[in-house]
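Please read them with the structure open.

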Amino acid sequence: MSNHQTEDVCVNDWVNQVLDTVKHNTPATQASAYAPSNIALSKYWGKREANFNLPVTGSLSISLADHGTKTGLSVIDAPAHQVILNGEQVGEHKSFAIKINQWLDRVLPSDLKLRIDTHNTVPTAAGLASSASGFAALTLATNTLMGWQLPEYLLSALARLGSGSASRSLWHGFVKWQAGELADGSDSIAFPLKPQWPQLKVGLLTVSSLSKAVSSREGMGRTVATSALYKQWPQKTEADLASIEAAITNGDFETMAATAEHNAMSMHATMAAAWPPLVYWQPESLVQMQKIWQLRQQGLPLYFTMDAGPNLKLLFEAQHQADVEAAFPEIQIITPFSHVTEVRD
Ligand code: DP6
């Protein structure tokens, strides 16, 4: 047996153990759930184990309220699952469908086939973490469909098997994913943080909504394997995480947002030093960064973060919204703590 197959057996063993008491449940005919997308303020970049999606470090995110994924599941009489994305059937050989099928096949009885109807309110694969909200919504909907009634920490671990950042998308607000130490990832789970920040705004500056050429998964693998700068990363990001968490507790916007920007730039530096080099930025991304730095120099408390894509996510507080909109007329503004769209069902 190859190493990969051995690891795969381990993941299946862990899943079977978690679902042992609920495996004979009769499924409902349909269920649906919503999960918000999230952006990390201190990033998950690099795995210590790839089959369980176990991270090298912890990370901390903010969820994007009504920007996320709604997933409907219905039981079908068919030989295979059917995956629908934004109203269109996805071919079974597309990586999107393969990842969903693989996750479902781990957790469902083998004779149960589903239609998975996924609607994203953020561009798919454009660095707005739609795989995070997608796997979180799929996990929540499956929990309902199958009547599992699992505690949230186990749902977080199950969502992580689909995509690491999905472990953080089960909640609104600030969420921390602790790296954990155990080989089966039982302690690599996310949980919501208490503080709320009603004035906090996240602005989406979309430079490109095309799918990226190199996925986060491949990108982080390449960075860990080839970037000498990656050696600095775990220590840097753990320190950033601690400082962001403290800043959130203290309501200290400057420290929180400046540390988040520094963390994102440090992550992109590790990528640029990979080989072949990994640069997710477009020329326009840099134009927007320079504009932000200039506005900041003029006194506007405005910061940004970026994930594995060319788009910027701006961080600012409500009292500066008019100035931000004047500078970036095309910006889409999210209020993470609006809670007008608590739509988990
Ligand atoms: C840059 O969660 O998409 O957005 O676990 O391989 O599915 P996989 O990766 P994914 O990576 C997200 C990387 C990031 C940073 C973050 O969200 O923390």
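**Notes on the predicted model**

1. Ground rules. This is a predicted model, in which local features need pLDDT of at least 70, side-chain atom pairs count only at pLDDT 80 or more, and totals for chains, interfaces and linings use all residues. Residues are numbered from 1 along each chain as its sequence is written, and side-chain values use heavy atoms, with hydrogens and water left out.

2. Polar pairs at the ligand. A polar side-chain atom of Tyr44 sits 2.6 Å from a ligand oxygen. The side chain of Ser165 places an N or O atom 2.6 Å from a ligand oxygen. Gly164 uses a backbone N or O atom, at 2.7 Å from a ligand oxygen. Taken alone, the ligand exposes 460 Å², and the protein buries 95% of that. The areas come from the Shrake-Rupley method with a 1.4 Å probe; for residues, only the protein chains shown count as cover.

3. Helix H5. Helices (H or I, at least four residues) and strands (E, at least two) are DSSP runs, numbered from the N terminus. H5 spans residues 216–226, and its buried residues are Gly219, Met220, Arg222 and Thr223. They cover an arc of only 160 degrees around the axis, which puts them on the same side of H5. The arc is taken from the directions from the helix axis to the C-beta atoms. Buried means under 20% relative accessible area, exposed over 50%, and partly exposed in between (1.4 Å probe, protein chains only). The buried residues of H5 pack against strand S2 (47–49) and helix H7 (253–272).

4. Val224. This residue is also in H5. Is Val224 buried or partly exposed? Val224 counts as partly exposed, because its relative accessibility is 37%. Leaving aside neighbours within four places in sequence, Val224 is in contact (heavy atoms within 4.5 Å) with Gly46, Lys47 and Tyr230.

5. Helix H4. H4 covers residues 152–162, and nine of its 11 residues are buried, so it is largely enclosed by the rest of the structure. Among the buried ones are Leu154, Leu155, Arg160 and Gly162.

6. Asn263. Asn263 lies in H7. It is buried, with a relative accessible area of 0%. Beyond four places in sequence, Asn263 is in contact with Leu41, Ser42, Lys43, Trp233, Thr237 and Asp240.

7. Thr305. Thr305 belongs to strand S11, residues 303–305. It counts as buried because its relative accessibility is 0%. The side chains of Thr305 and Lys43 are joined by a polar contact of 2.7 Å. Such a contact is a pair of N or O atoms within 3.5 Å; within protein, one must be able to donate a hydrogen and the other to accept it, and residues adjacent in sequence count only if both atoms are side-chain atoms. Outside four places in sequence, the contacts of Thr305 include Ile39, Ala260 and Leu312.

8. Leu104. Leu104 is in helix H2, residues 95–107. Its relative accessibility is 0%, so it counts as buried. Not counting residues up to four places away in sequence, Leu104 touches His81, Leu114, Ile116, Leu138 and Thr142.

9. Backbone geometry. Most residues other than glycine have a negative phi, and most peptide bonds are trans. Asn53 has a positive phi of about 50 degrees. Its place is the loop between S2 and strand S3 (54–55), and it is buried at 2% relative accessible area. Ala65 also has a positive phi, near 50 degrees. Ala65 is in strand S4, residues 59–76, and is buried at 3% relative accessibility. The peptide bond from Trp275 to Pro276 is cis, with omega near -5 degrees. Pro276 is found in the loop between H7 and helix H8 (283–297).
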